[in-house]
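This report looks at two kinds of contact surface, one inside a chain and one between chains. Please keep the structure in view while reading.

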Amino acid sequence: MRGRTARREIAGAVRLLPAMTSASVSVPAVQPRRRGDTGRSFGWLMIAPCLAMLAANSIFPLIYAVTVAFESYQVLIPVPHRFIGLRNFERIFSDPLFWSSLGVTAWFIAGVVLLQFPVGFGLALLLNRLRRYQEMLATLLLIPTIISTSVAAFQWVQLFNYQFGPINYLLGLLHLPQPTWTADPALALPCLIFVDLWQWTPFMTLLMFAGLRSLPSSIIDAARVDGSTAWQVVWRIYLPLLRPVIGIALILRILMAFKLFDIIYVLTSGGPGTVTENLAFFTYVQGFRYFNMGYAAALSLLQLIAVAVLAKLLIRLTRRASAATAKE
Amino acid sequence: MSGKSSDIQRNPGAVSSGLSRRNVLRGGAGLTLGLTGASLVGGLFPEEAWAAGLVNIEVDAGQNENPFRWNTDAMKSKFGADIKMIGLPFVGQYEKLVSELTARSAAYDLLVFPPYFLGDFVALGFLKELDPYFGLLDPQIGDDYIPVYKDPVIKRDGKTYALMYDGDMLQVAYRKDLFDDPSEQKNFKAKYGWDLAPAKTWDQFMQISEFFTRPPNLYGTAFYAARGFCYAWFVNIFAGMGGRWFSDDMKPGINSEAGVKALEMLVKMKDYAVPNILQVDYPALNEVFLNGSTAMVIQWNDLALKVANPKMSNVVGKGGYAACPVRTYLPYSRVMAVSAFAKNPEDAYRVAAYMQLPDVTITYVYDSNCGQDPYRWSSLKPEAAMKDHTGGPSLDATDAKIYVDAIREGLKAGYPELAIPGAPRYLDILDLYVSQALAGSLKPKDALDATAREWASITEAEDPDRQKAAYAAWVKSFKDVGVSY
């Protein structure tokens, strides 16, 4: 009883706080003290190593990459590099391999997002309906996500093996055709999308599941009392209320899919031909196989701008969606 | 005893009063810095890296490290050198080496790489000239090096920069049990009108491949079609069609009529190959012959030794060997060179020189547990091919003769791998477009036209006059040893 009274008093005080600070209470001006200056200096001293690391690892490389993007820098040609203006960028837009890698990137992102969201959301709904073993199943679902991507990709190299792979072995037992998987130009990109789906759908599921758990049960109960069907609950309540979570999940997955490298490197190396060579892999090839640093820096810069614009757009859309939900 | 410790002894409470947050932070920061510094120093300068006589050897990881391992004790006892192998991936070795050497890294003393890197590495000053070291240990090159593996491969501008470790060529391996089968011979003759035998022309090769294509248990052929080295199997046909890398004025010759015909043929060859042909790389190519699923493959010439090893092969005693039709491409090979940034160049040279001495070479070039092939006349004899590095059996007398004869035939019609400055980029671009043609993304003519455009831009970036001179010197070095080009 005493505890409840105390909580009520605290709550009252908290309600009063903004008013007190804004108008009714005059706060005496704080005089700057020598000790404060020392504290500030000490604070700067403490974060100096971090700032130095940030400058060395991020700021300097970024400035250097921007500079190199406008130069004819090729490591393997023993002549001094020089300023060439926008020539690296002109070359990018006239390079068919750039356009094909952009196409691969777009297909990959579309495939991953369009499949991962419904599957992840569906699994989250199922998980949310379970009365028992919820946590255990959520933990088990996460296993693919916590495996190192390179290791996972190596596993899939074995699984997709035409001759010795278990998938083709099982298909053989069922007298079904045994595809060549990543060696088939038509199947290689779908294989990559599938591996990404396998690895990252649990992540989507977990985000959606956390979102579902955070929704107030009173709204759902009220909807059920009013006679809403399960489909109506999902379509009219879950999805609108989950917009902010869905937005964040999609932003994360799109950005991750945009810069995908390791699965491609291990599973297909961009092949057969260049059918699985995305922008990240294409940039790697230009920079670290041909050591064409100016061109690779220009490609990186373009991708940085593209990702920044894309992220900004998605964040804006998410905010707008959240605001609309709040209004409703 | 210091004053502070006496205080502590007198007043135990002094310890707790000294444990202020600031002191803990200071102590923690000091400890962290100290440990970080110690680990950095330890990491940057591991004691063993500076040990006298230690030679760090870079080599593509796997079976190609073995000859060094087999000779570790001998080198230790002869000149006190310890060796440490640093394996790099077969595909991707160039990128890794360039990254290290551009940073002037002393991580490697001795470098093992294919000679097509040599043009770049010499131009960029990554290698030490070896002639001044010959006094330390005579490499006994003389007339014993097979000419195509001598001056054109190990020298640039008259100076020696490398010593041989592996003399590669492509070779046809075929199932002699199938080729000698009377009913197969009869059916073949009835269908194609000539006697079944190892192909002398590429048209014959295609006919044999077609004849033995009987899926799912037997396929006519297989080749390296994965990204990385599929270009070499194209060049092997291109050479036989009379193709040339460049014209004398450095115009790309790759998209010539010979090039297009060769690439169309390679694309057609997929129809007679194992179903996962686009995934077939070096180990997979060995595997499809060793497990008996192909009647004939073109592969680097060490496959014969693996066929004879019952631990590796299901087709022991069934392998026949012949030179490639028309011309024999000589892709890859391996040389040993001393890094310009080596901490231990003398011992690195001694190791290189020792490993290619006639008496040492002959012990490993016929061993199925490594990928090294003959590059000295003294080891190119059937009796040598009958022993592995322990002196145990390798090929039987009949196969040894067939194998050595096939190598000799191949050498007569050898077609050199491009090794001018920029060669790794010219070849990788070719590989990229050949793989696109094999994948069906581009038509052969379009793929080769795109290759030619990129080659022209590489030449332009490298400096056309310098490239022209380098190409002319390289062609002359082969013509001087009797290679027709």
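Buried area is the accessible area, found with a 1.4 Å probe, that two parts lose on being put together, summed over both.

## About the model

This is a predicted model, in which local features need pLDDT of at least 70 and side-chain atom pairs count only at pLDDT 80 or more, while totals for chains, interfaces and linings use all residues. Residues are numbered from 1 along each chain as its sequence is written, chains are lettered from A in the order in which they are written, and side-chain values use heavy atoms, with hydrogens and water left out.

Between chain B and chain A an area of about 2400 Å² is buried, and carbon and sulfur atoms give 59% of it. More than any other three residues, E95(B), Q279(B) and R425(B) contribute to the area that chain B buries against chain A, supplying 21% of it. Counting contact as heavy atoms within 4.5 Å, 31 residues of chain B and 23 residues of chain A take part.

The rule finds 2 salt bridges across this interface, a salt bridge being a side-chain nitrogen of Lys or Arg within 4 Å of a carboxyl oxygen of Asp or Glu. E95(B) forms a salt bridge with R289(A), and their closest N and O atoms are 3.5 Å apart. Several elements of chain B give two or more residues to the side that touches chain A, among them α6 (93-102) and α19 (423-439), and α19(B) gives the most, with 8 residues. Such helices are DSSP runs (H or I, at least four residues), numbered from the N terminus.

Chain B is divided into domain 1 (21-167 + 332-394) and domain 2 (169-331 + 408-485), with bounds that come from an automatic or database domain assignment. The C-alpha centres of these two domains lie 29 Å apart. In chain B, 29 residues of domain 1 are in contact with 33 residues of domain 2, and the two domains bury about 2500 Å² between them, with 62% of it on carbon and sulfur atoms.

The count between the domains is 1 salt bridge. The side chains of D120(B) and R425(B) meet in a salt bridge with an N to O distance of 3.4 Å, and R425(B) is also one of the three residues named above for the area that chain B buries against chain A.
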